[in-house]
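Subject: Structure handover

Dear colleague,

My notes on it follow.

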Amino acid sequence: MSEQTGETRTASAVPAPASNADAVTRVFGIRHHGPGSARSLRQALEEFRPDAILIEGPADADPLVGFVAADTMAPPVALLAYVPDSPARAAFWPFAVFSPEWQAMRYGVDHAVPVRFCDLPATNVLAADDDTRGDRTDPLAALASAAGYDDAERWWDAVVESVPDSAAFDAITEAMATLREDAILHAPAGDSDQETAGSAPRSPSTRPDDAPPPAGAPSTASEPADSISPAPGSGSPLAADPGNPALAPLVVDRHTLRREAYMRQVMRQTLKDGAKRLAVVCGAWHAPALAGALGPAAPDARLLKGLPKTKTALTWVPWTHSRLAAGSGYGAGVTSPGWYHHLFTETERPVARWLTKVAGVLRAHDLPVSSAHIIESVRLADTLAALRGRPLAGLSEVTEAVRAVMCGGDETMLRLVVDELVVGETLGGVPEDTPTVPLAADLRARSKTLRLKQEALARTVDLDLRKERDVERSHLLHRLRLLGIDWGTPTVGEVRNTGTFRETWTLRWEPEFEVRIVEAAVWGTTLRTAAEANILDTASRDGVSVTELADALEMALLADLGGATDGLITRLEAAAALDHDVTHLLGALPGLTRTLRYGDVRGTDTKALAHVADGLLVRICAGLPGAVTGLDTDAAEALRAQIDAAHTAISTRDDDHATTEWLATLQRIADRDDVHGAIGGRAVRLLCDAERIDDADSARRLAAALSIGNTPAAKAAWIDGFLGGRGLLLVHDRELLRRIDDWLRELAEDQFVATLPLLRRTFGSFESGERRAIGQALRDTGSTPPTPTGATAIDPARGQLALRAATAILGAAG
């Protein structure tokens, strides 16, 4: 369960004497998330008809078993345990519909049989400070290697999953006992006898068969060894071979010994409570340690004495198939959960049905796959299985058939099948009354009201902010982002570029968001109050810049956090009054302007915000003319970018007073002689676009910038600032093109070489069509505009043709 890797789990049925002589205990060693194991276990339980069931899992999760019966409980799901005072300390125990443990729970619910977990409680697991692990070698690898397989997954699929049979589990149980005889025993500190370590009367156990916890969670694996003693029987055919990774030494670590000791204690208590037919479902690696006579309880009690504890909370959370895959970081030991789900749910002609699904996936990606492809793929898969001596085609056979027949050997097409089917992105569900923190309950209720469904696959949604429901959806997604829960991600550039009535989001739910919700619960019980408290705390920290405060204020309005707006505005005003760096103020102005616009669209009162923006502008206009002098090229270009952003923001705001003050500041910059050309040229260009200076004035300033008194580098910088990526200026303004062309032709060779890099960058920023148009203009007319020689005669016939064409176009448009 938690911490599962690829460990095999087998089924053994060994009577174990209990405190009451007529009680019978059967230990079923299974493989976590194995559909063959799940089907065989369900059948075995139907035959055994137990009156009590114990399952490997955190013992303090027993109260949550009842939720399995709910109609809205849909695997894959996971038990989540966390420390309330430190939610980052968390662990998951995932289940799929094809997990044997899940089928055991379902059997108990369907037949009114008590079901309990019997592994170490989460209160002990999460209290462990030691984050080290024992050896992670897989006992399945040794068995697979002995059978001639180089892949343990493939061997298990061939032996068990494709042919569910309890006899196969009995054989694997025996093999596990043999492997444990050859394992290295990590005895707990202070334990000198084998019995205390759990090695007698049963063989010593374990390697850590559990999965690594998610990032930030404490390890629940084995602890470091204090003493190492080799187990007897090293002459076994399955003895470890250091030169073979498949036969690396198996380790029985302290953590596993304690887990098994706890399981035995729970078994003793269950039998003492009156169970007559006890079924124990555990990993196959543990089965030899639990089968047979339980023996005295004193050694196990000594082994468990003094275990650390911490306060924990447990709940059910949705999970995904991809999180069950070994490569996901949770190491649940299933590389093909989608395939296993199919095997468990489709008992009739599973291969043909699977390949039909594959065809559907490929067709959805506009790939040509017909029914003939499906038929030939089924034939090829069955033929490969027959050649390999298998009764049914497994995943390797159907994958090879898909690669050869449907994909034509194309690995890219095959990758689509692996991602969408073999692994899959099915997201489970849990009942609404599942215990959880108030913040998670609020998110669940708001999502249901707004019809936002949590899905594992990414999907894009467009929000029209003129509609009330879409506005509320936007508020919800922005609040979650402030809390570090990125369920929705704005499409790059969409929001900032339009900033009016539409937002585009990509939604994708990740299981780890459940932990982040618990972490965010410290800020409040609802999404609104939590987001407000979080953003105000961030704004009150020392060293927060004006730009960061402006961004925070923008996010607060986007998320409709009215309770935080006043505090942010006050903090921003104070920070702006103390900040004498004009670049900081310039960096904050565009964000404030965007916030004003968003507020208008969403119906938010932004009068106080407009006052802050006006105050920033006053400080910028007073300090900018003095800040543009004495700059090197890099600093000038950075400041030019900020001036561009501020100019765009002020133009967007469309406030007459702000626009007048800003343009007057640009005029003062343009009139100075000690300004870097990149900034001086840009100021002239912006003033020309705003019609504050006419073409004649801009031509005079250009001529002054290109005069003989300036260096070639300064001239090139001025041109770069003036043009600023606007190649169409040279296409339509032939006089400007002529002046620049004349200047270039008059440059000496050394001057031309010195200015060439900057000129290439300037002209390289033009669109390819603009560059072609400039070249065409120079070829057609040269750099000198044609001189009129007289009045041009009017051709009435051609004029009539032009008028008729214009009339037809306008009529069609109407």
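Three strands make up an open sheet, ordered β11-β13-β12, with antiparallel pairing. Its edges are β11 (459-464) and β12 (488-490), each of which pairs on one side only. On average, neighbouring strands of this sheet are turned by 35° against each other, direction ignored. Between β12 and β13 (residues 502-507) there are three bridges in the antiparallel sense, and T489 stands opposite T506 of β13. Helix α17 (residues 468-482) lies across β11, β12 and β13, and runs at about 55° to β13.

Before the rest, a word on confidence. This is a predicted model. The average pLDDT of the chain is 77, and 77% of the residues score at least 70. Two stretches call for caution. Over residues 189-243 the pLDDT stays under 50, although the model has 188 contacts beyond four places in sequence for them. Residues 327-332 also stay under 50, and for these the model has 27 such contacts beyond four places in sequence.

Next, strand β9. Six of the seven residues of β9 (residues 277-283) are buried, so the strand is largely enclosed by the rest of the structure. Which strands pair with β9? One is β1 (residues 24-30), which runs parallel to β9 and is joined to it over seven bridges. In that pairing, V24 has R277 of β9 as its bridge partner. Another is β2 (residues 52-58), also parallel to β9, with four bridges between the two. Here I55 is the bridge partner of V281 in β9.

Six of its eight residues are buried, so α19 is largely enclosed by the rest of the structure. The buried residues are F513, E514, V515, I517, V518 and A520. What do they pack against? The elements are β3 (77-83), β4 (86-95), β10 (313-318), α16 (438-450) and α20 (527-539).

V68 is found in the loop between β2 and β3. Is V68 buried or exposed? Its relative accessibility is 0%, under the 20% cut-off, so V68 counts as buried. Leaving aside neighbours within four places in sequence, V68 is in contact with M73, W102, M105, R106, V109 and W316. Of these contacts, R106 is 38 residues from V68 in sequence, and the two C-alpha atoms are 7.0 Å apart in space.

Last, the cysteines. How many disulfides does the structure hold? The count is zero. C118 is in no disulfide, and the nearest cysteine sulfur to it, that of C282, is 7.2 Å away. C118 is buried, with a relative accessible area of 0%. C407 is buried as well, at 4% relative accessibility.

Regards

Definitions and conventions: Residues numbered from 1 in each chain as written. Predicted model: local features only at pLDDT ≥ 70, side-chain atom pairs only at ≥ 80, totals over all residues. Heavy atoms only, no water. Buried < 20%, exposed > 50% of the residue type's maximum accessible area, 1.4 Å probe, protein only. Pairing = 2+ DSSP bridges. pLDDT = per-residue confidence, 0-100. Contact = heavy atoms within 4.5 Å. Axes fitted to C-alpha atoms, helices over the stretch in contact; angles between N-to-C directions. Disulfide = S-S within 2.5 Å.
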